[in-house]
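Hi,

Here is the structure I promised to pass on. Have a look at it first, and my notes on what I found follow below.

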Amino acid sequence: MKNKQEDEKLIGLIVGGISNEFSKNIINGVAGAIQKNSGVRLAVLPGELMVKDFLGHGVLQHNAMFNSVYNLGSVCKMDGLIIAMGSIGWLLNEEQTRSFLGQFDGIPTVLIASDYEDYTTVNYNNKMGISQAIDCLTGTYGIDRIGMIGGYEENVDAIRRKNIFIQCIEENGIRFKDELYVASDMSENSEKAAEKLIHDNPGLQAVFCVNDATAVGLYNVLMREGIRIGKDIMVFGFDNTHKASIMSPPLTSIGPDNMSLGQKSYELLIDKINGDKVESAEVPTRLHGRESMEYEKYDYTQADLNKMDERIINRMFDDCFYRYASESAGRDVVNLRRLFYEIITRIFIGLRRRYIGVDEFEEIGNLIDILFSNGAMEYTDVWTFLRCVYKLQTGINKQQIGKENVFVNRLFLRMKDDALRSVSDMSTKERYNDLHFRGQLRRFMIKGMGYQGDKKKILRELMESMNMLNINNSAFYIFEDPVTKADIEAFRYPDKIMLKSVVKAGEVYIIPEERQERMLSEIYIQREISTYNIQFVTFPIFYEELFYGFLLCELTEELFDEGELIASIMGTMIHIIRNS
């Protein structure tokens, strides 16, 4: 039995965790780059940070067990691998890193955020975005007191960004002083580093945070000190994560310009799998301006408004919906770019002929409703979108006077209303789903608490309740006997594993005992679910030093925040059931 059809490809994506913003960006970039019906299946393998003792000498127990999921990259005979080394292995020395990567020898591989020249790597072009930000601060705002909260010296991106920051401020005539830089742990728990930077540099005018997470701690300190962000001090981060857009005030951040790390990595990997010669690449970056440091990439000039051709409209779309180019390929039924082009074109045709009829007005309004009802706001943030619309509307109003302009302004107002309503609906749905999930999780746990009695019956009842867990499609595998931590470290896995149950379209199906046995190397074959090109995320099921199996779930937005908790609870409950 083959692990895939001849024309299918199975690729693995190894990331450090699934709930952090960096991993989400990588996963969404890769998943969004996979075209529908392309014959490519994705297996996301989220583990944890690998510390120096990853191979077994004093390793943190939880990380060692959780990281067992990485081994599926070689066990399951993947056609190719993308490995986000910047999020999983930056605390390893070169010998340990190469030992880890060695298990994937012979598999086409692309590394993200790495500096190994003998591997195909994808990194941000840090210089583009950082220099853009520093040039804006010095040239536009006249600022010359700029500090930085950095990261670990072992982290490739952190040290690169520090060096580029120093280079950029010195190129702008600012002498670097040691007190302008403070290291942090690159997480939201960066308040001590932020306090030191602020207190050691009275009158600091701007701060560059090595990533968006670090800016959270800085925001907390500045707010306690009564320092107004975006007014008294400018702040910008790096990665342009979703977190940046929902901070208060929204955080200006450096991020990819039309192509993400995940998207570029996927493109290079497919080329490698197809036998093409590929070279390491850098992803262009730019500054995404928001309220913490206002910055405009484009203005709409009179020449633009007069011309308003396809190039300008596409530039406008990319400015408004900056995540669409890198995340939309495998997701959208409606081509939002084409729809936006139709809306703007019809508006400007009406302006040129100085007439927009009532019927035309209603038709354009309906197209606007379709644009936002199909998830346009998933690819942008409110501040960026409203700012883009404001610039366009202001440019038109400076040049156009007449009845047709009244209709145009009403159409722009409809855009704003639809955008705000869409964001509100998404937020309401998210809150509802969170409350619903908590309630369902509680009922699921109660279901499995009848620990006394027939263990097979209790386990079956637990599996029958899996549709309570926000999982539409999944496969639940358990080893006949649990695998130990020592077995994992020695890379000893049973050849066989038992497929106990699947969830298909929200319905649970228990697999008869005579059909449960499967090859571990073939767990990504899902005939029972019968989904084509499905994208899976794989969670290890373990308790302390005993490893019980895997939960494979269709990749959904909810699992970014809920998946690890579900797997952890299942591991605990299975351990109790088996040992009661």
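Let me begin at one end of a sheet. Strand β10, covering residues 252–256, pairs with β12 in the antiparallel sense, and four bridges link the two. Within that pairing, P256 sits opposite T285 of β12. Please keep in mind that this is a predicted model.

Stepping back, β10 and β12 belong to an open sheet of six strands, which runs β7-β6-β8-β9-β10-β12 with mixed pairing. The edges are held by β7 (181–182) and β12 (285–288); each has a single partner strand, so one side of each has no neighbour in the sheet.

Helix α7, residues 156–171, packs on this sheet and touches β6 (146–149), β7, β8 (206–209) and β9 (234–238). The direction of α7 makes about 175 degrees with that of β6.

I also checked the length of α7. With 1.5 Å a residue, and counting one step less than the number of residues, its 16 residues should span 22 Å; the end C-alpha atoms lie 23 Å apart, which agrees.

Which residues of α7 are buried? They are V156, D157, A158, R161, K162, I164, F165, I166, C168 and I169. Their cover includes β5 (120–124) and α6 (126–140), along with β6, β7, β8 and β9.

At the start of α7, a side-chain oxygen of N155 comes to within 3.1 Å of the backbone nitrogen of D157. After α7 comes G173, with a positive phi near 80 degrees.

Best wishes

Key. Residues are numbered from 1 along each chain as its sequence is written. This is a predicted model: local features need pLDDT of at least 70, side-chain atom pairs count only at pLDDT 80 or more; totals for chains, interfaces and linings use all residues. Side-chain values use heavy atoms; hydrogens and water are left out. Two strands pair if DSSP finds at least two bridges between them. Contact means heavy atoms within 4.5 Å. Axes are lines fitted to C-alpha atoms, for helices over the stretch in contact, and angles run from 0 to 180 degrees between N-to-C directions. Buried means under 20% relative accessible area, exposed over 50%, partly exposed in between (1.4 Å probe, protein chains only). A polar contact is a pair of N or O atoms within 3.5 Å; within protein, one must be able to donate a hydrogen and the other to accept it, and residues adjacent in sequence count only if both atoms are side-chain atoms.
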